[in-house]
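Please show me the model to be discussed.

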Amino acid sequence: MMRGTKVDTVGRNWLAEKKKPETDLDDKTLEGVAWYYDHVMEVSKGHPVFTRKGDCRVPMHSNGIRIGGEVDVIVPDVSYIGDMKTGGVYDYDLQVACYAVGAMDKFNTHEYTCELLFVDKQIITTRTFTRDQAQAAVDIVVLATTASVKKPSVCNYCSWCRHNKDNKCELCTGD
């Protein structure tokens, strides 16, 4: 099992059972998961916390395209989504905008707070979206990727691209 998946499973189980699960995670990682647990419990303010995969699906639609999504934790009563991340801190704004649109559709609300909880660094990034803000962010990308004339462009994810050679994405730069 991949480390991120294992850490996610421990976090979900801890939140679901409200007790520290038996695990073979190292102490530092377990400390990060405990931090995650404490934060989510504080944010939930005693409201039900959902961690089961079926409860955490937040599919959304944009320009006729259906995009699936699944968060790690959702607390509908306080319009909150938490998504645990391991490793480095990266930009996931588009991902959480998609989650926000899906959650607002699912729970018929007009605002949602999405947090990325980076357990290895114990850093939280928080975005609160209105319906219009989240939908606009998603629509721009969906329209760009569904346009009849598509052209790759340089973005924050080029460094991860399999076409990246010496910090130059061959597709985006044409090199």
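Predicted model: local features only at pLDDT ≥ 70, side-chain atom pairs only at ≥ 80, totals over all residues.

Q: How many helices and strands does the protein chain have, and in what order do they run?

A: Helices (H or I, at least four residues) and strands (E, at least two) are DSSP runs, numbered from the N terminus. The protein chain has 5 helices and 8 strands. Starting at the N terminus, their order is α-α-β-β-β-β-α-β-β-α-β-β-α. A contact means heavy atoms within 4.5 Å; of the contacts with a separation of 6 or more, 58% join residues 24 or more positions apart.

Q: Which residues have the most contacts inside the largest nonpolar core?

A: In soluble globular proteins, nonpolar side chains tend to be buried together. A nonpolar core is a set of buried Ala, Val, Leu, Ile, Met, Phe, Trp, Tyr and Cys residues joined through side-chain atoms within 4.5 Å. Buried means under 20% relative accessible area, exposed over 50%, and partly exposed in between (1.4 Å probe, protein chains only). Of the 175 residues in the protein chain, 38% are buried. The largest core has 23 residues, and V71, I74, I81, A100, Y112, F129 and V138 have the most contacts inside it. At least two residues each come from α3 (93-107), β5 (111-118) and α4 (131-146), with α3 giving the largest share, 8 residues. Beyond its neighbours within four places in sequence, A100 touches I81, Y112, C114, F129 and A134. A second, separate core has 19 residues, among them V10, L30, Y36 and V119.

Q: At what angle do the axes of α3 and α4 cross?

A: Axes are lines fitted to C-alpha atoms, for helices over the stretch in contact, and angles run from 0 to 180 degrees between N-to-C directions. The axes of α3 and α4 come within 9 Å and cross at roughly 125 degrees. That makes α3 oblique to α4, because angles under 35 degrees count as roughly parallel, over 145 as roughly antiparallel, 65 to 115 as roughly perpendicular and the rest as oblique.

Q: Which residues of α3 and α4 meet?

A: From α3, L94, A97, C98, A100, V101, M104 and D105 meet R131, A134, Q135, A137, V138 and V141 of α4. The residues of this contact comprise 10 nonpolar, 1 polar and 2 charged; Ala, Val, Leu, Ile, Met, Phe, Trp, Tyr, Cys and Pro count as nonpolar, Asp, Glu, Lys and Arg as charged, and the others, Gly among them, as polar.

Q: Where are K18 and S79 found, and what is the phi of each?

A: Most residues other than glycine have a negative phi. K18 has a positive phi, near 60 degrees, and lies in the loop between α1 (3-17) and α2 (27-44). S79 also has a positive phi, near 50 degrees, in the loop between β3 (73-75) and β4 (80-85). K18 is partly exposed at 42% relative accessibility, whereas S79 is buried at 17%.

Q: Is L15 buried or exposed?

A: L15, in helix α1, is buried, with a relative accessible area of 0%. Apart from its neighbours within four places in sequence, L15 is in contact with Y36, Y37, V40, M41, V49, T51 and V73. The C-alpha atoms of L15 and Y37 are separated by 6.3 Å, although the two residues are 22 residues apart along the chain.

Note on methods. Residues numbered from 1 in each chain as written. Heavy atoms only, no water.
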